[in-house]
Amino acid sequence: MRALQIEREGRTRLVTVAPPEPAAGDVLLHVRTVGFCGSDLNTYRGLNPLVSYPRIPGHELAGTIEHVGAAVPAGRFRPGMQVTVVPYTACGRCTACRRGRANACRDNQTLGVQREGALTEWIAVPWEKVLDAEGLSPRELALVEPLAVGFHAVDRGRVAAGDIVVVIGCGAVGLGAIAGAARRGARVVAVDVAADKLALGRKAGASETVDSRAVGLSDRLRALTNGDGADVVIEAVGLPETFVAAVHEAAFAARVVFIGYAKAPVTFDTSQFVKKELDILGSRNATAADFVAVIEMLRDRAFPVTDAVTRVVGLDDAGAALHDWSRDPSSITRIHVDLP
Ligand SMILES: [Zn+2]
Ligand SMILES: [Zn+2]
């Protein structure tokens, strides 16, 4: 079967690999659509410390069930069903796993990062990782994972109705955080540096937007919050300056949630942590509950799916699309690769 492989930094190629041999507890999927994640872009750019080369990327996927293994509990799955996949593993033994937070497993292996990914024709997945999402299109299904990562950050930030939530970054994950916070009844302010991404933020549920390139972020946010700052700030960019801004824009006794991975060490005025008594929270991957909540939102048709997918290509053009994204990262929210 065919697959796209990132050979090394800046280089992709189409390869032929052996089809998977599903175990008895596996579900065999015909891959329909795969979304490129920021982590796949970083792999392509040589900036993903977790990856080794060559690597088949892809962990945001839509699939159709082709075959259900003999050891899969009866009645759960049947051939032809549309599904998506929780692309993480959990060791079951580390402290995160023992505390019921397997999404932060010390030994997690994500599809397409620490192990071969989904940008291929067929994939075998343990049945526990397969989520029934009947009624959703491949386009919607391949958006579930990045949106779920945003939903998880909302959960980490304990966002409640009436909170003022600032989300910095309107990529797919940030849009998930915006939509998740808005669904909980929060008033959401979206921050980005591109007008079209802010427009998407509004469609996802933000009631206000701030173009931080055009206006002073701090002044604008103070004006929007009666001078208080935000109850919750969610950082979904991963730049040192956005990490610092998240702490700065948080109100006294607020929560700050970090999703982005900064590529360089970040310098903080830590007196703000103490003085404001901030809850500073990391947010990693997503739980199965986050996935299910996103599937429900998509079933409600409450998210601008079409607008969030900037470009759709076939497998033959997937490498070129990744190259274009690398040259102009801000022009793309999501690239989807549709397989035959
Ligand atoms: Zn992703
Ligand atoms: Zn673990």
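Begin with the zinc ion (ligand 2) and select its donors, which follow the spacing C-x2-C-x2-C-x7-C along the chain. The model on the screen is a predicted one. The four atoms to display are the SG atoms of C91, C94, C97 and C105, which coordinate the zinc ion (ligand 2) at 2.3 to 2.4 Å. The angles among these four donor atoms run from 102 to 118°, and the site is tetrahedral.

Next, move to the zinc ion (ligand 1). Here the coordinating atoms are C37 (SG), H59 (NE2), E60 (OE) and E145 (OE), at 2.1 to 2.6 Å. Along the chain, the donors of the zinc ion (ligand 1) follow the spacing C-x21-H-E-x84-E. C37 belongs to the loop between β3 (26-35) and α1, whereas E145 belongs to helix α4; the pair therefore ties together parts that are 108 residues apart in sequence. Both C37 and E145 are buried.

From here, select T84, a residue of strand β5. With a relative accessibility of 1%, T84 counts as buried. Display its side chain together with the backbone of L61: the T84 side chain reaches the backbone oxygen of L61 at 2.6 Å. Setting aside neighbours within four places in sequence, the contacts of T84 are L61, K129, V130, L131, L141, V144 and I295.

Select helix α10, residues 288-299, and compare its length with expectation. At 1.5 Å a residue, its 12 residues should span 16 Å, and the end C-alpha atoms are 17 Å apart, which agrees. After α10 comes R301, whose phi is positive, near 55°.

The remaining stops concern the backbone. Select A253 in strand β12, residues 250-258. A253 is a residue other than glycine, yet its phi has a positive value, near 60°. Is A253 buried or exposed? Its relative accessibility is 56%, so A253 counts as exposed.

Continue to E277, in the loop between α9 (271-275) and β13 (279-282). E277 is not a glycine either, and its phi is positive, about 45°. With a relative accessible area of 62%, E277 is exposed.

Finish at P54, which is placed in the loop between α1 (38-44) and β4 (60-68). Display the peptide bond from Y53 to P54: this bond is cis, with omega near -10°.

Key
Residues numbered from 1 in each chain as written. Chains lettered and ligands numbered in written order. Predicted model: local features only at pLDDT ≥ 70, side-chain atom pairs only at ≥ 80, totals over all residues. Heavy atoms only, no water. Donors = N, O, S within 2.8 Å, 3.2 Å for Na, K, Ca; no water. Tetrahedral: all angles 85-135°; square planar, octahedral: opposite > 155°, others 65-115°. Helix = DSSP H or I, 4+ residues; strand = E, 2+ residues; numbered from the N terminus. Expected span 1.5 Å × (residues − 1). Buried < 20%, exposed > 50% of the residue type's maximum accessible area, 1.4 Å probe, protein only. Polar contact = N/O pair within 3.5 Å; in protein donor to acceptor, adjacent residues only side chain to side chain. Contact = heavy atoms within 4.5 Å.
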